[in-house]
Structures are given as C-alpha cells and as structure tokens.
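I opened my notebook to look through one structure, topic by topic.

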Amino acid sequence: MSDSVLIVGGGISGLVAAYSSVKQGKKVTLIESSDRLGGMLDTYKTEFGLVETAANGLLNSYATEELLQELGLNPILPKSSSKKRYFWIGNRLKQIPISFFSIIRAIFGFLFLNAKPEENESFESWSFRIFGKKVSANLIEPALGGIYAAKLKDMDPKMVFSKFFWKEGDSVYRNFKNSKNKSKKKPKTRGSISFQGGMKDLISSLVKVLEGKIKFRLKTEIVDLETLKKEYPGHEIIFCTNIRSTYQILNETNPSGFLKHDIKPIPLLSIATITCFTKTNLLKKPGFGILFPKDSDVTANGVLLNDYIFEGRVFGEFHSETWIYAGDFLDHLTNEDVIDLVKKDRKRISVSSAEEDIVSVHAKIWKQSFPIYGNELLKFNRYLDEMENESSSTSQPVRFLGNYRYGIGLRGLIESALNL
C-alpha cells in the first residue's frame, strides 16, 4: 500500500479522509476545483441568526464522537422542544399520520414478510408489499423524502438498504439485525448533534488540524484519472468529488468501460434550502419540523423549525425556519421564485401567516446535485466496486467516497472516510 495519498475533493468526505490518512502516517495532498473547502456545508451569520447552506446537523455515532473528541470540538444537543415531529395529512398537522390498523399491518410486514426485492422492483412497490400503501404514502415517503429527496417510485430498495444481505425469506427486521458493517460500539449520546457556530465549525476544525500536515491545492482543474496518475505517481487516489464530477472524470478516462457495464447517466435532483427569519412562529406548538407527503397541497418536502432544534440559531426575539424543496422544477427557478413558493406554502400551513412576518430570507439552490438512489446509481456503484477491487493490488489503488456511495447522510460519509 502506498504511503502517499491524493484526495480529490475538499468537501466533508475529503477532509475526513485526509484526517484519517494523516493518522495512518501517510503523506497527503488534497486538491479541490473551487476556491474553498467544505463542499456544500457552510454556515454564515446574519443580523437575525445563523444560516446553513445544507445540513443543519448530523446523526451521532461512536466514530463521529471519537473524531470530535480528537478535534476538540464540543457538539451541542437538540433542545427538548424539538422532540415532536409532524406530518401534514389532509391539511392538518399530525404526529402519527397512520391508523392503528396500518401500524399493525406495517409491524407484521417488518417482522415476518420476505423482504428480498423482486427483480426490477421499485422502492414504492417494495414498500407497498412490505408495509402497506398507507404507511408507505403517509410515513415512509415523506420520511425518506426528507433524506433522499426523491420519490419512492424512482428509488431502488437495494440501493437504499445497501447494507442488507437480502437473503431469501429474511424479513426487514432480520436484515437490519444482520446488516453489513454494523457497529457494535454505541455513542454516549444518540440522536442529532450540531455545533455552536453551525456546521461550519466542523469544517473549520478539520482544516485547522490539517493545516501544516497536508498539502492543499485549491482551484485545481481535475481532468481524468489517467492524468492524475501521471501527475501523482505512486499515490493512492481517493475520489471525494460529487456524483456529477466523478461520473464525468471516469467517463473521460474509460468510456468503453461505461459501455461494457451499461452505465448510463445517473438521474440527478436539484435541492433548494430557504431559511426565513420571522416575527411569528409558523406553529403555535414546538417541534422539530413538518414533513409533507407528495400528494399534499404543499410544494415543499419539509420544513425545519430551527430555533426549536438547536440553541443559538436566532438572535433576539426572531424565529427561524428552513424550507426544503426537491425536484427538476427547481432547474428553471431563481432564488426569488423559490422564496415565493415558501410564502405560499407558509400561508397553507398557517392562515394567519403574512408576508410582513418574514423579516429576512436566504435561499440556496443546488442544481442537479443529488443522485437519485435508483437502479442506475446501483449499477454505477457496482462498477466503482469493481474498479476499487481491481486496483487494490496495484501501486495506485483507487477509492471512491461520497453521498452516492451506498449512503447519503453525513454520519455515513464520515464513517466511510474514517474506515479507509
């Protein structure tokens, strides 16, 4: 194994991979095409409070806890006011969006039904078969929509639950119990965490620890794999680029390999996050946020009630909400257009809501940035697995990390990068 490592991409995966490599005593060079580190993660202060450009927190794990201790970074925990989660069902807020009968039906499917997906079975069909239509539509789709952004019909259960062995006859419960790489070590604190200054604190802490220990090369053009191998001979190469860049780099490198493996362009989604500071609360009661089923009258996937979740998110007597939208319709919208969507959706949730309630709005649209966890992405990942295996015994092994590699959450990205 080479003692020199080239990290391609300076987002959270790249920074944690660099940190992990330094701990192993390796010489690290990190190249990044933009002029900043952190990727989609960033936090900035306004006169009304903090604004996150992407995630507002992450699920804690034993590995994450150890990393934060080593970085000297103290996480903050959610407030007690964030315990309640709501669903928008039939133009009403509900904590439990399904009937008692539907719950019993879902529990039966979870414990006893054969979970192995049928050939070319979509996540929607699989979920209907295992949990029933009501649970799938009112609970699973909005919940997964808040994580993966895509519709169930476009997703593949084998991609979403990539750690399952999918043994014939095993239920979902049995698959969870026997899943691959299941950590036996539990964190001291479970649930979501964030940081006093927002998610930027995590990026800043990693950069501070790495400065002077690795070479950073920002604003560096990344062309193809063969060029990187020539420019960095004898280096292990770890790609931590986004799905679009990774696909383009590999297609430029080996287009015949894509044809051989029938690799087609990966369907991508656009995501928008709009943080509003308001004079009045969206809801009369506290909570983490609201999820919206696809057939509701609200366009958003969900809304986070930030000042109920973590301390220090607002300054003064204001309130903070982050609305999340996903879909191809965002490709043709401006920031002003999505702000108008928020105003309309806000009115649907709270009839007393008025435009003058909103004192400041901050919108960010990530166009064509999120992979749809469907069959095309599954095929692409299997191709990457093959590339990793074939290169593992060479002088320049290649690895791939990112939100397209069998896991989209920050916890999964951090754990994968630490397990190099």
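**Cysteines.** I am working with a predicted model. I looked at Cys 240 to begin with, and it counts as buried at 9% relative accessibility. Cys 276 is buried too, at 0%.

**Salt bridges.** I reminded myself that side chains of opposite charge can pair when their charged atoms come close. The search of the whole structure gave 18 salt bridges.

I picked out Arg 346 and Glu 321. Their side chains meet in a salt bridge of 2.7 Å, N to O. Arg 346 lies in helix H13 and Glu 321 in strand S14, so the pair ties together parts that are 25 residues apart in sequence. Are these two buried or exposed? Arg 346 is buried at 1% relative accessibility, and Glu 321 is buried at 2%.

I turned to Asp 262 and Lys 379. Their salt bridge is 3.2 Å, N to O. Asp 262 sits in the loop between helix H11 and strand S11, and Lys 379 in helix H14, so this pair ties together parts that are 117 residues apart in sequence. Asp 262 is partly exposed at 40%, and Lys 379 is partly exposed at 21%. Both belong to a network of salt bridges that also links Lys 264 and Glu 376.

I also checked Asp 154 and Lys 153. Their closest N and O atoms are 3.3 Å apart in a salt bridge. Asp 154 is partly exposed at 34%, as is Lys 153 at 44%.

I counted two cavities of 30 Å³ or more. The largest cavity has a volume of about 100 Å³. Which element gives the most to its lining? Strand S4 does, with three residues. Among the lining residues are Leu 50, Val 51, Glu 52 and Arg 313.

Next I looked at the second largest pocket, which holds about 410 Å³ of space. Its lining has 21 residues, and Lys 151 and Lys 294 are among those nearest its centre. Helix H5 gives the largest share of that lining, four residues.

**Surface.** I found a nonpolar patch of about 720 Å², whose residues include Phe 100, Ile 104 and Tyr 173. Helix H3 supplies the largest share, six residues. Phe 100 is in helix H3 and is exposed, at 64% relative accessible area.

Notes
Residues numbered from 1 in each chain as written. Predicted model: local features only at pLDDT ≥ 70, side-chain atom pairs only at ≥ 80, totals over all residues. Heavy atoms only, no water. Patch = residues over 30% accessible without salt bridge, like charges linked within 9 Å, V, L, I, M, F, W, Y side chains within 5 Å. Areas by Shrake-Rupley, 256 points an atom, 1.4 Å probe, with all protein chains shown as cover. Salt bridge = Lys/Arg side-chain N within 4 Å of Asp/Glu carboxyl O. Helix = DSSP H or I, 4+ residues; strand = E, 2+ residues; numbered from the N terminus. Buried < 20%, exposed > 50% of the residue type's maximum accessible area, 1.4 Å probe, protein only. 1 Å grid on protein atoms, 1.4 Å probe; cavity = no way out; pocket = protein on both sides within 12 Å on 5 of 7 lines; lining within 4 Å. Points joined across faces, edges and corners; volume = space filled by probe spheres on them.
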